[in-house]
Amino acid sequence: MKFFTLLLFGILVVSCSKSDPPKPPGVTSLVFPEQNSICTTGVSLTPTSSRVTFNWLSATNTESYELSVTNLNTNSTQRINTTELSADVVLEKGAPHSWEVTSGNNQVSETTPSANWLFYNAGSQISHPPFPTQIVLPKSGATVFRSSDNTILLEWQGFDVDGDILEYEVYADQQASANVLITTTNESTNSFKLPVEANVIYYWKVVCKDEEGNVSTSNIYSFKVL
């Protein structure tokens with residue numbers, strides 16, 4: 001009887017272990033280049049380019065990583081697949097970039113992206129333009145409901161490594177070019193209530209200016225109002 005009980009227990013343990021589903025990859029933590037920083041440690045290759053080494057931490061249940069680095073001036077992205085925790089990328093000097101690392105494994109199709117960090121690849125300039133403004137709400141392509149006063153709250157986030165943002169210009173229109181200036185806010189105001197109509201698609205962008213006269217422009221985003 002004791003042998004039978006142990007045998008049954010062993011079968012149950014094996015059965016349970018076989019039924020455990022594969023686990024998705026965990027989130028990696030980014031290390032370098034640091035968020036909202038000026039990267040000064042790259043190896044200069046030409047007057048306009050340098051090689052930068054990216055580093056991140058090991059993620060759970062992860063077999064490989066995809067590093068994505070985007071030049072925010074050109075919106076071009078370089079992708080590198082690796083099993084290591086670092087990778088070298090040749091970048092334009094004096095340009096703002098964003099980067100993230102996506103974790104993956106062979107057991108599941110699901111992948112897990114890291115946070116998305118911004119940095120400047122150091123160049124010869126002394127004054128740096130603001131990073132292109134990051135749109136917070138509404139998400140691009142979203143369908144949103146008007147508030148009781150027939151407005152939609154626009155939210156954005158800006159950052160300048162020199163800390164001298166002067167103002168934001170908010171453009172919004174029903175045309176995809178989004179060329180109509182709606183309002184100008186100071187550096188501490190990162191939202192605006194936009195009057196809207198129902199069943200209309202709106203396009204918008206934010207231009208950020210600093211005290212040195214440098215300018216950066218976000219991508220154009222859209223949302224539909226119900």
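A pocket here is an open set of points on a 1 Å grid over the protein atoms alone, with protein on both sides within 12 Å along at least five of seven lines, and its lining residues have an atom within 4 Å of a point. A volume is the space filled by probe spheres set on the points, which are joined across faces, edges and corners.

The model is predicted, so local features need pLDDT of at least 70 and side-chain atom pairs count only at pLDDT 80 or more, whereas totals for chains, interfaces and linings use all residues. Residues are numbered from 1 along each chain as its sequence is written, and side-chain values use heavy atoms, with hydrogens and water left out.

**Exercise 1.** Describe the largest pocket and the residues closest to its centre.

*Solution.* Begin with the volume of the largest pocket, which is about 310 Å³. Next, among the 18 lining residues, Thr-70, Leu-72, Asn-75, Ser-98 and Asn-219 are the closest to the centre. Finally, strands (DSSP runs of E, at least two residues, numbered from the N terminus) can be assigned: β5 (64–71), β6 (76–82) and β8 (96–104) each supply at least two residues of this lining.

**Exercise 2.** Characterise the backbone and exposure of Asn-75.

*Solution.* First locate Asn-75, which lies in the loop between β5 and β6. Its phi is positive, about 60 degrees, although Asn-75 is not a glycine. Lastly, Asn-75 has a relative accessible area of 44% and is therefore partly exposed (between buried, under 20%, and exposed, over 50%, with a 1.4 Å probe and protein chains only).

**Exercise 3.** Find the cis peptide bond that involves Pro-33.

*Solution.* Pro-33 is in the loop between β1 (30–32) and β2 (37–39), and the cis bond joins Phe-32 to Pro-33 with omega of about 0 degrees.

Methods
1 Å grid on protein atoms, 1.4 Å probe; cavity = no way out; pocket = protein on both sides within 12 Å on 5 of 7 lines; lining within 4 Å. Helix = DSSP H or I, 4+ residues; strand = E, 2+ residues; numbered from the N terminus.
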